[in-house]
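Student: Pick one part of this structure and take me through it closely. I want to know which side faces in, which side faces out, and what packs against it.

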Amino acid sequence: MAKRVGMEVSIAAAEAVRQANVDVISAYPITPQTHIVEHLSEIVANGEMDAEFFCVESEHSALSVCVGAAATGARAFTCTSSQGLALMSEITYIASGLRLPMLMIISNRTLSAPLSIWNDHSDTMSIRDCGWIQFFVENGQEVYDHVFVSYRLGEDRNVLFPVIINMDGFILSHVIEPIELIEQEKIDQFLPPYQPLHRLHPDRPVTMGAFALPGIFAEAKKAQEEALRSSMPKITETWKAFGDMTGRYYHPVETHKAEDADTLLVTMGSCSETASVAVDKMRQEGRSVGLVKIRLWRPFPFDELKKAALHAKQLVVIDRAISVGACGPVASEVKAALYGYDQRPSVYNFVAGISGRDVTPSDFIKMVDKAEIEIEEGNKEGYEIYGVRE
Amino acid sequence: MENLNVFAVRTLTQKEYFAPGHRSCQGCAEALAVRLVAKALGRNVVIAAATGCMEIVSSPFPYTSWRVPWFHVAFENTAAVASGIESALKVLMRKGRIPQKKIVTLAMAGDGGTADIGLQALSGALERGHDFVYVCTDNEAYMNTGIQRSSSTPFGASTTTSPAGKMKQGQITWKKNMPAIAAAHNIPYVATACPSYPIDLVQKVKKAADIEGPAYVHILSVCPTGWRSVPDISIKLGRLAVETGVFPLYEVEHGKYHLSIDFPKLKPMKEYIRLQGRFRHMTDEMIEEAQNRVHREYEQLKEKAKRGF
């Protein structure tokens, strides 16, 4: 029987990495990610896991180590936040272009300036286009579960992509939650050792990382793009297999009381749970409000989003990052997904909770109130940063 | 020793792991250095290469000059990539997922990728003590991007970003001492080499591979394109660099210095300088200034070799 244990989410993440039998772990400290590598270093120091664990001198090297290890056929892991992710951004594109499976957990944190250690999604949005499969999770259980999902998925020969799990820094990473741990035998069955298609080894020499002239570059890039798009059925298939094993089923887009709602909140990450509390409250008051949660950020689930949101009169999209000079990145994507339909909902975009500022159920209600009034008054594509003191 | 080197090179393996047909310039001594390094290590090697001349001449997709596993990721992270490869090989062998055998992890980068942008990653990998060989093929500037100065460009050299003008006479700083920086990490083996001394080079690379732990080999690689020299004197120029004391050949084994070849009397530096267009603007005063410093540093090195540390 699966054990349900109260533990810090970062520790649950580290335990999942142990259970996933990772071969190479590169670590560099940055708040709020550090608890994950701290706990992993303990696990390895106590001999509870057979892995090469070492502390590198920068995040750039942390990801470079994973790239070298993955190319050699090892299961690799690293994690980071904020400035660390910005520093390693160069290598994120290369890892994906080389089609090397690995897992990176990002404890999402604000990008400087001003310097802030608190949570938002500006770090991960800076590498939005790097070509990794990118998940957003809502709670500690989902972090734990997605470690296994990510490796099995990324290492599938029809996929071969690196995977990012985005979890909100502090709000998730530092809280203690009940986590249902999966028995090791089940995990070993779900996630067998990585068998690479090619590896750096003298017995079968390969050249990896050749450069492309313009005559071949577009073809190489198209192949990568198509591969990422067509990983969608594998993603749902992997979630299905995981659900069959644990009873916890995941989907690219999930909904809460959304089917008949006139107004839909659209969220991503840990604030989805708070938003669902707000939705329940508004429903009790007789308002027609529902929630759409985006779990899969890349490849972007255009079809699933349409299915979940097209019927509504208005969407209130909550972003935890700003594309300075444009609007929230989630809103851009949502608008793009719906643009082709004459009968489409208005999209009102709030940037809320940047740098870890609390977004409470009453804040969601206020945002819905505001959006409904603005849209009624004709401001159908509004955009604002919520709750700024002026 | 000179003559021995000329003929004994035929005793090296005929096998080529860095295949002919690559796209390096005429007279490129860096390609020769890389070829010799590959010969020294044989087939049981995995190479992590930095962005640079040797990367672009050898890997235009879908072609490759490499008969051994070769991996290019980026410019500044070669030592980190090699760390990943080395640890992966180690753990996969330990877990029985690949057969047990000695495989050398080789990291290879130019002077820019080593002394400038890659210095941090290199320092990290040396400090962590990975069992790998790092080879810096030093052609004394960013040649691949069109001859821009690096911290390894020698005093006086005119490059496209340290041009000889009316106010400044080429590179105004002294060449960064990379081997000393590597040695300061207290790693088991550091050496300098030059393809003009092929046997010496091959022996050093072999030694670097045999020693457990990190090893660093710094190879001076004459670049006719960037040095503005005629292509058929690259070997001669490499010899002159050594014979004038500009680039002494030595080893630092477990902290102990040893000169590979000593000259009771160094040739005048002018003989080396006058064959290269990059130094054409140098006045006699400038050459003298450089000459004095070269002599001083050579004496210091000899002193270290005598003392042993």
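Tutor: Start with what covers the buried residues of helix α9 of chain A: the cover includes α6 (140-155), α7 (184-190) and β13 (296-298) of chain A. Keep in mind that this is a predicted model.

Now the helix itself. α9(A) runs over residues 232-246 and has 15 residues. From its first C-alpha to its last it reaches 21 Å, close to the 21 Å expected at 1.5 Å a residue.

Next, the inward side. I235(A), T238(A), W239(A) and F242(A) are buried. Buried here means that 20 or more other C-beta atoms lie within 10 Å of the residue's own. Viewed down the axis of α9(A), the buried residues fall within an arc of 100 degrees, so they line one face of the helix. The spacing rule is simple: an α-helix has 3.6 residues a turn, so residues three or four places apart point the same way.

Turn to the other side of α9(A). There, P233(A) and D244(A) are exposed.

Then look at the end. Just after α9(A) comes G247(A), with a positive phi of about 85 degrees.

To put the pieces together: α9(A) has one face lined by its buried residues. Elements α6, α7 and β13 of chain A are among those covering these residues. P233(A) and D244(A) sit exposed on the other side.

Key:
Residues are numbered from 1 along each chain as its sequence is written. Chains are lettered from A and ligands numbered from 1 in the order in which they are written. This is a predicted model: local features need pLDDT of at least 70, side-chain atom pairs count only at pLDDT 80 or more; totals for chains, interfaces and linings use all residues. Helices (H or I, at least four residues) and strands (E, at least two) are DSSP runs, numbered from the N terminus. The expected span of a helix is 1.5 Å times one less than its number of residues. A residue is buried if 20 or more other C-beta atoms lie within 10 Å of its own, exposed if 12 or fewer, and partly exposed in between; C-beta atoms are placed from the backbone. The arc is that of the directions from the helix axis to the C-beta atoms. Two residues are in contact if their C-beta atoms, placed from the backbone, lie within 7 Å.
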